[in-house]
Amino acid sequence: MGDSSASYIHMVQHLIEKCLIFRMSKEECMEALSKHADIKPVITSTVWNELKKENKEFFEAYAQSQNKDDRMSEEETSQMIQKMISDSAKDSDD
């Protein structure tokens, strides 16, 4: 795998980790990254599944703790993802 592929996967992983912080489901994360970061859902799904394999206990606890009342609105989610993407671009410039 080339450096650019590895860095792309790393960026997707970073964005998924942010989605987890915002308590998003896999489907919500796939939709958000597709819409706001132009990442194909199949890529997000594949990286999510690999993270899930490597962190089985975390994802089991995460699935149990997800509660609709704790979720952000679509507008809040959109704003946070835009901020994540701009912050991520700034980090890669350093």
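Modeller: Helices and strands are taken here as DSSP runs, a helix having at least four residues and a strand at least two, and they are numbered from the N terminus. Counted in this way, the chain of this predicted model has 5 helices and 0 strands, and reading along the sequence gives the pattern α-α-α-α-α.

The part to look at is the meeting of helix 3, residues 41-54, with helix 4, residues 56-65, whose axes lie 5 Å apart and cross at an angle of about 110 degrees. Because angles from 65 to 115 degrees count as roughly perpendicular, helix 3 is described as roughly perpendicular to helix 4. On the side of helix 3 the contact is made by W48, L51, K52, K53 and E54, and these meet K56, F59 and Y62 of helix 4. Sorted by class, this contact has 4 nonpolar and 4 charged residues, with no polar ones.

In the whole structure a search finds 4 aromatic pairs, and one of them joins F58 and F59, with 5.2 Å from centre to centre and 90 degrees between the planes, which makes the pair edge-to-face.

Key:
Residues numbered from 1 in each chain as written. Predicted model: local features only at pLDDT ≥ 70, side-chain atom pairs only at ≥ 80, totals over all residues. Heavy atoms only, no water. Phe/Tyr/Trp six-rings, centres within 6.5 Å; stacked < 30°, edge-to-face > 60°. Axes fitted to C-alpha atoms, helices over the stretch in contact; angles between N-to-C directions. Parallel < 35°, antiparallel > 145°, perpendicular 65-115°, else oblique. Contact = heavy atoms within 4.5 Å. Nonpolar A, V, L, I, M, F, W, Y, C, P; charged D, E, K, R; others polar.
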